Amino acid sequence: MTSLGQFGVKGVQAERHWPPLTLAEAKRVLAFFSITAVPETVLWHGQRPFSATALISLTDGTMLFLKRHDPRLRDQNALTEEHAFMAHLSHHGLPVTAALTTREQHCALTDHGWVYEVFPPLPGLDLYRDVQSWEPFLCSEHAHAAGGTLARLHLAATDYAAPARPDRLLLSSFNAITNPDLETGLRHWAASQPGLNTTLNPEAWQQILRILEPFHAKLRPLLTEIIPCWGHGDWHPSNQFWTSATPDAEICGIFDFGMSDLTCAAYDLAVAIERTAISWLSSHFAVSWSQLSALLAGYHRVRPLTPQERELVVAFLPLVHVEFALSEVAYYSTLVQDEASAHVAYADYLLGHAHWFAGRDGQHLLNWLRETLDAIAACP
């Protein structure tokens, strides 16, 4: 069984913010579902933060994936939003598995003060189960496959008409940064993040605005070019199942839509770049150039970006982490009372990434990205 530690802001940590799921808990929860077999063993505990997950074996030899949420983070309404988008993608041929429904036909269950969802296991291999979200793919071929699958997801999402989700903790949203006035956007959005306005003092907000304003100035002229579209919000290889462990593997399962929201394709692609192409957790932020090229080429093969979208990807990239990082500050400070992690989310994640993009290496990446996207688009 996997260690009961969890992925933290600086790698694997022994402390867990949410208690691990137990066999007794699994038996209690699954009794609400039309399942004849009984949970027998907890095979594995997930190490991802923000919730508790486990793979459960049943007495008939089958397995189920159980996920538990704190309702302050994801209540039953929030999970219903995610499941509706997942059902739409599945209907359009994406490898997305639907949550099991209770006997009352609910896709999520509230019980004993927690919120649960249950999934059948995905097909294929969980190759990246022990890899954090800021780590690269195992090879460029996987990056190419991931780019193509993300493009398919955006094509399938084109006719998904659900409105943007209500502002919640830990969504991959862009409500603040797409306001023509960055300060107004940030202050309005921050009111939805529990405790954020009291956690950050006026000096901190001024520091945030100083480092972000030059990036926002480049995004502002492009705001009218945004074509709204739902995105996955957290596209990295450990949210995908693979057909094999070989370089020619394809993605055969997509999961973890907890951060999905109505944004746009360019923003969601920028999220994928931020999550996979830069080694943020290492001592120096190296760029995986060949994998990034492959990701972009794989995307273009399925869904070529318009000239406006190419400019938006570049403009979004230094800002794509802003709302999630600030939401992490609120989450760590308010929900789990982990001030050390809240400080890392603010100083290292929010400000650190922004400072890097403002420096020589970050500017080189942005210039390279613009040139590479144009070169890929020019190829027949």
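This is a predicted model: local features need pLDDT of at least 70, side-chain atom pairs count only at pLDDT 80 or more; totals for chains, interfaces and linings use all residues.
His-232 sits in the loop that runs between β8 (228–231) and β9 (240–242). Its relative accessible area comes out at 0%, so His-232 counts as buried. A polar atom of the His-232 side chain lies 3.2 Å from the backbone oxygen of Asp-256. Asp-256 also turns up among the residues that His-232 touches, leaving aside those up to four places away in sequence. The rest of that list is made up of Leu-153, Asn-239, Ile-254, Phe-255, Phe-257, Met-259, Ser-260 and Asp-268.

Next comes the second largest pocket, with a volume of about 160 Å³. α6 (202–219), α9 (307–316) and α12 (360–378) each give at least two residues to its lining, and the largest share, four residues, belongs to α12. Among the lining residues are Phe-215, Lys-218, Glu-311, Val-314, Gln-363 and Arg-370. Sorted by class, the lining of this pocket holds six nonpolar, two polar and three charged residues.

Around the largest cavity are Leu-269, Leu-296, Tyr-299, His-300, Leu-305, Arg-310, Leu-373, Ile-376 and Ala-377. Two or more of these lining residues come from each of α8 (289–302) and α12. By class, the lining of the largest cavity splits into seven nonpolar, one polar and one charged.

Technical notes. Residues are numbered from 1 along each chain as its sequence is written. Side-chain values use heavy atoms; hydrogens and water are left out. Buried means under 20% relative accessible area, exposed over 50%, partly exposed in between (1.4 Å probe, protein chains only). A polar contact is a pair of N or O atoms within 3.5 Å; within protein, one must be able to donate a hydrogen and the other to accept it, and residues adjacent in sequence count only if both atoms are side-chain atoms. Contact means heavy atoms within 4.5 Å. On a 1 Å grid over the protein atoms alone, a cavity is a set of points where a 1.4 Å probe fits but cannot get out, and a pocket is an open set with protein on both sides within 12 Å along at least five of seven lines; lining residues have an atom within 4 Å of a point. Grid points are joined across faces, edges and corners, and a volume is the space filled by probe spheres set on the points. Ala, Val, Leu, Ile, Met, Phe, Trp, Tyr, Cys and Pro count as nonpolar, Asp, Glu, Lys and Arg as charged, and the others, Gly among them, as polar.
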